[in-house]
Amino acid sequence: MHSVVRGAGALGLAAVLAAATAACDSGSGASAAGSGASSASSTTPAASASTSATATAPPLPAALTGQQLAWQPCPAPSTLQGGDGTAPGAPWECATLKAPLDYGKPDGQTIDLALIRAVATGTGGQPRIGSLVYNFGGPGGSGVATLPALAKDYADLNARYDLVSFDPRGVGNSAGVRCLDDAATDASAAVDGSPDDQAETTALDAANAAWTAACEQNSGTLLPHVDTVSAARDLDLMRQVLGDAKLHYFGISYGTELGGVYAHQYPGNVGHLVMDAVVDPTKDPEQNALGQAKGFQLALENFMKACAAQAGPSCPTGRGGDEGTGRITDLLTRLDSAPLPTDSSRRLTQDLAVTGIAAALYNPNSWNALSVGLQEAMQGGTGTTLLALADAYSGRDQQGHYSNQSAANRAISCADDKSRYTAADVQGLLPAFRQASPVFGDFTAWGLTSCTGWPVQGSADLPEVSAAGSAPIVVIGNTGDPATPYEGAGAMVRQLGPGVGVEVTLKGQGHGGYDSGNTCLKQAVDQYLLADKVPAEGTTCS
């Protein structure tokens, strides 16, 4: 299971739901737009992240703020974006925005940022408000590939907003970070991510070192500049080039952290800003990982309750609770030494099974696929469905090509976070993580070592999101969220500062709230975005 401290966000969710719909589920290796900045070169070991992350950036030249975007019909998303070879078609248009590689040197080298939009439809005769910019999380999710797939959820907003998304720097076609090739990524996934002895610990350390070396070799120039502060500055450049006096923004999962960092830097430029599935800005990677272990365990227990109620004795996790958890841990123990066959040449390992289980917990709509996958593995002796769920989460297509979602996730996280954890650190943390989750604890704990030895120092201990003077920001927390636990929403409201964050609670299941189908929540957010009506503090939907 990947260490995704900020949550996989809607990109991973969309892929998982596609897999679930198929009762099992990008391109041809096209190069990333503007990838010159990520060509093979290396940074000084432990170089600092972008100077823009720690200092006020100089003003941008008019050549950047005044650029005109050349919108064209969108091609099929690339392999790096996680595309399936299908162009989105009308009404989608794509363009490229030039941004500084280093905001500390705004007249220097630029990178190309990939954008997508659907122009406001004008349905209902109401005037256009502006652009509504989306970030669907990760970090590492391609907004260009994701927005068309999820646009039906935002059709009412499209009446008055241009729906806009983008690949953040280092992601997809925006100078996408390149690390291991497909075969090496498969090999890395085969390494035991929850080592049981010194030999397995050494193998995991070696796999992390190989990841780091490949990223440095293939994207070394880019790695210091994929931090979230730089991405927030990209947002403000985007606002200017799109012609908006204020930024209207919808951030999901990691996108909430990006939105908070933007509001801190540019409080006077905030228009309407929504945060959904909120990353807790007060917790370091260890605390966030522990919270995720608890969150995924809670979601698993909720799944098992629903399964028992619906399927009775035929539910693969029985009556749930300790019985169900025990059945799953027994399966994982068997997989540790004896991976299961699938309908391909690949086998379902312990790590891939945990990843598949976690993937299915992002949305109740994929719980049926999880039940099928567990039934197959426990009683049928095959791992096809759990492998498909794991692949969807990891950005691996049926041809064995990976998007750069995992590479970008690691590069952005390591550029942001100062913390570096060793195997010895994790050994000390394991009891607490195992208590939090017998299923996910080991994997989330060992995931903390992914930035050890990274060639770029992280920029901060915690993100700075205080936003005094900002317009009101709507902050959505889902009580059953596995990846970004509910408590993060309240913490974000407190950190934004008095009179800024307005919390809305959904008593539900899954990652995020707006696209859950809950009418109460959708109406509250739509009234804020379309009618400038801020929800009452403490609004709760169920």
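**A guided reading**

Mentor: We begin with Ser 470, which is found in the loop between β11 (456-457) and β12 (473-478); helices (H or I, at least four residues) and strands (E, at least two) are DSSP runs, numbered from the N terminus. This is a predicted model, in which local features need pLDDT of at least 70 and side-chain atom pairs count only at pLDDT 80 or more, while totals for chains, interfaces and linings use all residues. Residues are numbered from 1 along each chain as its sequence is written, and side-chain values use heavy atoms, with hydrogens and water left out.

Trainee: Is Ser 470 buried or exposed?

Mentor: The classes rest on relative accessible area: buried means under 20%, exposed over 50%, and partly exposed in between (1.4 Å probe, protein chains only). Ser 470 has 9% relative accessibility, and therefore it counts as buried.

Trainee: Which residues does Ser 470 touch, not counting residues up to four places away in sequence?

Mentor: Contact means heavy atoms within 4.5 Å. By that criterion, the residues touched by Ser 470 are Pro 267, Val 270 and Val 500.

Trainee: Where does Ala 277 lie, and is Ala 277 buried or exposed?

Mentor: Ala 277 has a positive phi, near 65°, although the residue is not glycine. Its place is in the loop between β8 (270-276) and α9. The relative accessibility of Ala 277 is 2%, so Ala 277 counts as buried.

Trainee: Is Asp 532 buried or exposed?

Mentor: Asp 532 lies in the loop between α18 (519-531) and β14 (539-541). Its phi is also positive, near 60°, in a residue other than glycine. With a relative accessible area of 56%, Asp 532 is exposed.

Trainee: How are the axes of α9 and α12 oriented?

Mentor: The axes are lines fitted to C-alpha atoms, for helices over the stretch in contact, and angles run from 0 to 180 degrees between N-to-C directions. The axes of helix α9 (residues 285-311) and helix α12 (residues 367-380) come within 11 Å and cross at roughly 80°. Angles under 35 degrees count as roughly parallel, over 145 as roughly antiparallel, 65 to 115 as roughly perpendicular and the rest as oblique. Therefore α9 is roughly perpendicular to α12.

Trainee: Which residue joins Pro 91 through a cis peptide bond?

Mentor: Pro 91 lies in the loop between β2 and β3. The cis bond has an omega of about 5°, and the residue joined to Pro 91 is Ala 90.
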